[in-house]
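Thank you all for coming. I would like to walk you through one chain today, beginning with a single residue and then widening the view, so please keep the display open beside you.

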Amino acid sequence: ANWLIRRSEWSVQFLEDAFRLCHEEMPLFGDQDAMIHLLLNERALLSPRGSSALDPHAVVIPQHEINAYDALNAFYMEADAYGEGDLLVTFPGCKEAQACNPLFRVAASYAQGGRLE
């Protein structure tokens, strides 16, 4: 998950609540799990059927708009691939540039109309 958060009283409280949830109340939760829990859980349980369960301060946007995957990973993950104008491309699992350079070259070739081999 990716998060863009505008600074406000609500967002500061939200981040403090998420930190407290994942570090004190439910230490098995990670920060992203805590945020999802806070944005969905209580509203989902209390909302009438058919209404939005997402907190009104949040919006879900298409994944490719802020975190598109390289074409090769997107193909195998059945996710959105980076396209011209997208904000970011992610190479999941690549921690060392030297080890990932071959993947970067294949992805760049594929993105420019090359073929997967």
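Let me begin with Trp 10, which is partly exposed at a relative accessible area of 28%. As for the terms, buried means under 20% relative accessible area, exposed means over 50%, and partly exposed lies in between, with a 1.4 Å probe and protein chains only. Please keep in mind that this is a predicted model, in which local features need a pLDDT of at least 70 and side-chain atom pairs count only at pLDDT 80 or more, while totals for chains, interfaces and linings use all residues. Residues are numbered from 1 along each chain as its sequence is written, and side-chain values use heavy atoms, with hydrogens and water left out.

What does a search of the whole structure find in the way of aromatic pairs? It finds two such pairs, where rings of Phe, Tyr and Trp (its six-membered ring) pair if their centres lie within 6.5 Å, and planes under 30 degrees apart count as stacked, over 60 as edge-to-face and the rest as tilted. The ring centres of Trp 10 and Phe 14 are 5.0 Å apart with their planes at 10°, so this pair is stacked. Trp 10 and Phe 14 are four residues apart in helix 1, and about one helical turn therefore separates them. Phe 14, with 7% relative accessibility, counts as buried. The pair formed by Phe 75 and Tyr 76 is edge-to-face, at 5.1 Å centre to centre and 80° between the planes, and Tyr 76 counts as exposed, at 60% relative accessibility.

Now to helix 1 itself, residues 9-25, where Ser 11, Phe 14, Ala 18, Leu 21 and Cys 22 are buried. Why do these buried residues line one face of the helix? Seen down the axis of helix 1, they fall within an arc of 85°, so they line one face, the arc being that of the directions from the helix axis to the C-beta atoms. On the other side of helix 1, Glu 9, His 23, Glu 24 and Glu 25 are exposed.

The largest nonpolar core has eight residues, namely Phe 14, Ala 18, Leu 21, Cys 22, Ala 34, Met 35, Leu 39 and Leu 54; such a core is a set of buried Ala, Val, Leu, Ile, Met, Phe, Trp, Tyr and Cys residues joined through side-chain atoms within 4.5 Å. Two or more residues of this core come from each of helix 1 and helix 2 (31-46), and helix 1 gives the most, with four. Leaving aside residues up to four places away in sequence, Met 35 touches Trp 3, Phe 14, Leu 15 and Ala 18, where contact means heavy atoms within 4.5 Å.

Between helix 1 and helix 2 there is a loop, and Met 26 is found in it.

Finally, the whole chain has five helices and two strands, which are DSSP runs numbered from the N terminus (helices H or I, at least four residues; strands E, at least two). Of its 117 residues, 19% count as buried. On confidence, pLDDT is the predictor's own value for each residue, from 0 to 100; the chain has a mean of 76, and 79% of its residues reach 70 or more. Confidence is lowest in strand 2 (residues 89-90), at a mean of 70, and highest in helix 1, at 89.
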